[in-house]
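Biologist: Before I use any labels from this model, I want to know the cut-offs behind them. Could you show it and take the terms one by one?

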Amino acid sequence: KTKARVLTYGFEPEATIRVSDIEYTSNKEGQPTGITFKLNEFIPASLAGGTHFAPVRINGSLGKSQAWSVAAAAAVGSVLGMNLVQVSEALRDYHGPKGRLKILRGIKNSNIIDDTYNASPASTRLALETLRDVPALRKVAVLGDMLELGDYSEKAHRAIGVLAAEVADILICVGPLAILIASTAAHKIPSD
């Protein structure tokens, strides 16, 4: 319904800029270091046609949200005349924002996935899915309150509790609303 050039981005096959082949990277000790993926761009026949792709590597951050952000940047870059290789090169030093699935080194060869910036149901779900997908001997989730959810608050915290129980070997909850996460997960995670 518009004469403007419309670009879409995401993981769906029909997206103009599509993310595929996401993999977690690790160092020689097996500690996670980031992600790699492909950006694929479908170019309509009226604009030269075909599908182009470029590999992307993000160091220091994990999760699909990083790839989603890169796809959005690639869509903007495409509108401005950049190709995917140029976009990939421009993002070579990108590390993701603080508090959004950042990799921190812990003690005794442990790793911390820091997703502490203003938690929401969507960001907490993504963080738990990332924790699920990253190889580790033991997975510990430390979760707090998700604020400003109104009438949806109890339902959202309980839904996160269900997922946390499926992902975490140990669950630590902090805050009056996080008690709902803990109580929902309690029957699935053995307590000491």
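**Labels and their cut-offs**

Modeller: Aspartate 115 forms a salt bridge with arginine 100, with the closest N and O atoms 3.8 Å apart. The model is predicted, so local features need pLDDT of at least 70 and side-chain atom pairs count only at pLDDT 80 or more, while totals for chains, interfaces and linings use all residues. Residues are numbered from 1 along each chain as its sequence is written, and side-chain values use heavy atoms, with hydrogens and water left out.

Biologist: Why is the pair of aspartate 115 and arginine 100 called a salt bridge?

Modeller: The term requires a side-chain nitrogen of Lys or Arg within 4 Å of a carboxyl oxygen of Asp or Glu. The N and O atoms of this pair are 3.8 Å apart, so the label applies. By this rule the count comes to 4 salt bridges. Another one joins the side chains of aspartate 133 and arginine 132, at 3.0 Å from N to O.

Biologist: What makes aspartate 115 buried?

Modeller: Buried means under 20% relative accessible area, exposed over 50%, and partly exposed in between (1.4 Å probe, protein chains only). Aspartate 115 has 15%, so it is buried. Arginine 100 has 23% and is therefore partly exposed.

Biologist: Why is threonine 51 called exposed?

Modeller: Its relative accessible area is 55%, so threonine 51 counts as exposed. Threonine 51 is placed in strand β4, residues 50–59; strands (E, at least two residues) and helices (H or I, at least four) are DSSP runs, numbered from the N terminus.

Biologist: What does threonine 51 touch, not counting residues up to four places away in sequence?

Modeller: Threonine 51 touches Glu41 and Phe42, where contact means heavy atoms within 4.5 Å.

Biologist: How do you know that the span of helix α4 is close to the expected one?

Modeller: The expected span is 1.5 Å times one less than the number of residues. Helix α4 (residues 153–167) has 15 residues, and its first and last C-alpha are 21 Å apart, close to the 21 Å expected. Its buried residues, among them His157 and Ile160, pack against α3 (121–133), β7 (140–144), β8 (170–174) and α5 (178–185).

Biologist: How do the residues lining the largest pocket divide?

Modeller: They divide into 15 nonpolar, 9 polar and 6 charged. Ala, Val, Leu, Ile, Met, Phe, Trp, Tyr, Cys and Pro count as nonpolar, Asp, Glu, Lys and Arg as charged, and the others, Gly among them, as polar. A pocket is an open set of points on a 1 Å grid over the protein atoms alone, where a 1.4 Å probe fits, with protein on both sides within 12 Å along at least five of seven lines; lining residues have an atom within 4 Å of a point.
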